[in-house]
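The stops below are meant to be selected in order.

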Amino acid sequence: MPATSASAPGKVILFGEHAVVYGQPAIAVPVNQVSAKAIITPLIAASPAAIQIEAPAIGLDANLDELSADDPIAVALAGAFAALSVEQPPAFKLRISSTIPVAAGLGSGAAVSVAIIRAVAGFLGRSLADKAVSDIAYEVEKLHHGTPSGIDNIVVTYGKPVYFIKNRQLDTLRVGAPFSLVIGDTGISSPTREAVGDLRTDWQADPKTYDSLFAAVGEVVQQARAAIESGATGALGPLLDANHGHLQAMGVSSPELDVLVAAARASGALGAKLSGGGRGGNMIALVEEPDADTVALALQSAGATNTIVFTVR
């Protein structure tokens, strides 16, 4: 068997994070400037089912049977084998690499899972439907996020902008006119599981207040969808600002995120908000294309450890 590889993009949530867990819609898009990659090579002389795993970025160099049953890589592999009805795969080495920052709201975990699942299928000369890939990746997302909405695995698997409502049929989004965004990374690792869990505790203590916030976010998302599909992308700026305000009220922003959001607005961005779990990770800013570099430099001056400029089409 020849070596096989597969990759998967990162993602950002444009609108609706956190509220999406409570039944509200969200909009997310792939970010192809960063990706995860899985390369599988056969181990000719090894015993059947011997699987070596290398992930230098996290210091992992181990055999599959040395990983715990709930390790995300082990779960992704087990899900792929089960979906392909493979009880004893041929021996192989899996090498994982990624340019997606971990715990930063860019879908790192989902991208790694999708890359692994597709690489396994390709190595075995098989293919899996996108829905099957997404479903397996969702099981891995539960390990990362506790009670995930499912948006990360869907956007990363399908590689398209989506309008997402939990437990609803996939609804891809038509982009009426391209628009440019700048991502600013606080450099602060922020596991989504913790923010989601704390917010759930707050919601349980005061459901009326938080349900109102979630509903307000849902209204913003619906207005944003209309603007994106009609090509009225300038209207997205105030909507980003409004969404950020609701996320601040939920307690999921941070001083570092707020500083970057303010810096983006002051340097000419049309609007800005945190993206993802919050309390660190990334923020996004809507910009006119000629202003993208200026905003990126302002974010770096304000403390961003990395910036990405990309266009949604």
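Predicted model: local features only at pLDDT ≥ 70, side-chain atom pairs only at ≥ 80, totals over all residues.

Stop 1: Select residues 207-230, helix H6, together with residues 236-250, helix H7. Their axes are 10 Å apart and meet at an angle of about 165°. Because that angle is over 145 degrees, H6 runs roughly antiparallel to H7. The crossing of the two helices is left-handed.

**Stop 2: the contact.** Show side chains on both helices. From H6, the contact residues include Tyr-210, Leu-213, Phe-214, Val-217, Val-220 and Gln-223. From H7, Leu-236, Leu-239, Ala-242, Asn-243 and His-246 are among them. Sorted by class, the contact between H6 and H7 has 14 nonpolar and three polar residues, with no charged ones.

**Stop 3: the stacked rings.** How many aromatic pairs does the structure hold? There are five. For one of them, select Tyr-22 and Phe-214: the ring centres are 4.3 Å apart and the planes lie at 15°, so this pair is stacked. Phe-214 belongs to helix H6, while Tyr-22 sits in the loop between strand S1 (4-15) and strand S2 (26-42), so the pair ties together parts 192 residues apart in sequence.

Are these two residues buried or exposed? Tyr-22 is buried, with a relative accessible area of 19%, and Phe-214 is also buried, at 2%.

Technical notes. Residues numbered from 1 in each chain as written. Heavy atoms only, no water. Axes fitted to C-alpha atoms, helices over the stretch in contact; angles between N-to-C directions. Helix = DSSP H or I, 4+ residues; strand = E, 2+ residues; numbered from the N terminus. Parallel < 35°, antiparallel > 145°, perpendicular 65-115°, else oblique. Left-handed = near helix turned anticlockwise from the far one by under 90°. Contact = heavy atoms within 4.5 Å. Nonpolar A, V, L, I, M, F, W, Y, C, P; charged D, E, K, R; others polar. Phe/Tyr/Trp six-rings, centres within 6.5 Å; stacked < 30°, edge-to-face > 60°. Buried < 20%, exposed > 50% of the residue type's maximum accessible area, 1.4 Å probe, protein only.
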